[in-house]
Amino acid sequence: MKIIDLKPGMSISEAASLAPEGAVLLRLAPGVYKEKVYIRRDDITIKGMGEDPSDVSIEWDDYAFFIMPDGIKRGTFRSYTFFIKGDGNRLENLCIKNTASPREKCGQCIALFAEGDRFEAIGCIFDSFQDTLFTGPLPLKEMEPGGFRGPTENDERIIGKQYYKKCRISGDVDFIFGSALCFFDECDIVSKAPGYCAAPSTYEREQYGYVFNSCRFLNEGCPKESVYLARPWRNYARMVLVSCYLDDHINETGFHDWDKTGAHDKFYFAEIESYGPGASKNRANYVHFPAGESINLYSKDKVLS
């Protein structure tokens, strides 16, 4: 494995693009990296060398509502701080922030745009407001012309598997969204204001979308029952919680249908052994509570096999 050491002021994007083919490890010294990162390659690991993920912070402040020189809004998918696409990639012990705010002025502000198979994020922090973490690929069709304008709008749509372990993901509206198959393991999902934690856009016929295992759904001063666990960005959205702690900011109905009343039999939202003040059996009538052998379908080995 090729090892490359970087310190603040050096370009992460440039180091990744100039590195030889094969496995590469970029080791980032503590500090703040002011960079809009763009990486397209396989088998790269980017690791923060601080004692805490916040010791190595990658920050940028692009936002969706910004008007570009051609008179067109930047849009969601060009607002990212960190873009990485490829197979077998890994982020570890890092903090990635989109520092644009407030949401009412800026709109969507992606911190991490991750796409590819066997992607891993271990012990990382992803922080923004609306649309913090995008788990590509894009949905098959955009809702309005130009809605997918960005680095992957013309790419082939391939479902990849992503694994997040002991990460902290914070935002307010749809701050985890996309079409990848994702397993979130012992992560903190932190709401900064009333809104929606996730907005999956799972493809039709996919068995899994988002699975949250032993995660904590926390908040930073949100009113009671002011946050929904998820809403379906596309009709076949799938999201399952397994043994997750829910604080009291979670609405009693749990999930929201995004006014897609005709899709209640298409999307799939479920909870298994949720606990905490935000847990309830009085959910919306389209929320499922698997039991018996079906619980085993949502283990890490099953989901990521």
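Rings of Phe, Tyr and Trp (its six-membered ring) count as a pair if their centres lie within 6.5 Å. With that in hand, here's a quick tour of the aromatics in this predicted model. Searching the whole structure turns up 27 aromatic pairs, and one aromatic cluster takes in Tyr 38, Phe 77, Tyr 80, Phe 83, Phe 113, Phe 134, Phe 148, Phe 177 and Trp 233.

**Phe 77 and Trp 233**

- These two rings sit with their centres 6.4 Å apart and their planes at 20°, so with planes under 30 degrees apart the pair counts as stacked.
- The pair ties together distant parts of the chain, 156 residues apart: Phe 77 comes from the loop between strand S6 (56–60) and strand S7 (82–85), while Trp 233 comes from the loop between strand S20 (227–230) and strand S21 (238–242).
- Phe 77 has a relative accessibility of 3%, so it counts as buried.
- Trp 233 is buried too, at 12% relative accessible area.

**Phe 184 and Phe 212**

- Here's another stacked pair: Phe 184 and Phe 212 are 4.4 Å centre to centre, with 5° between the planes.
- This one also links distant parts of the chain, with Phe 184 in strand S16 (residues 181–185) and Phe 212 in strand S18 (residues 210–213), 28 residues apart.
- Phe 184 and Phe 212 are both buried.

**Charges over rings**

- Lys 36 puts its charged end over the ring of Tyr 80, 3.9 Å from the ring's centre; Tyr 80 belongs to the aromatic cluster.
- Arg 231 has its charged end over the ring of Tyr 196, 3.9 Å from that ring's centre.

Note on methods. Residues are numbered from 1 along each chain as its sequence is written. This is a predicted model: local features need pLDDT of at least 70, side-chain atom pairs count only at pLDDT 80 or more; totals for chains, interfaces and linings use all residues. Side-chain values use heavy atoms; hydrogens and water are left out. Rings of Phe, Tyr and Trp (its six-membered ring) pair if their centres lie within 6.5 Å; planes under 30 degrees apart count as stacked, over 60 as edge-to-face and the rest as tilted. Helices (H or I, at least four residues) and strands (E, at least two) are DSSP runs, numbered from the N terminus. Buried means under 20% relative accessible area, exposed over 50%, partly exposed in between (1.4 Å probe, protein chains only). A charge sits over a ring if NZ of Lys or CZ of Arg is within 6 Å of the ring centre and within 35 degrees of the ring normal.
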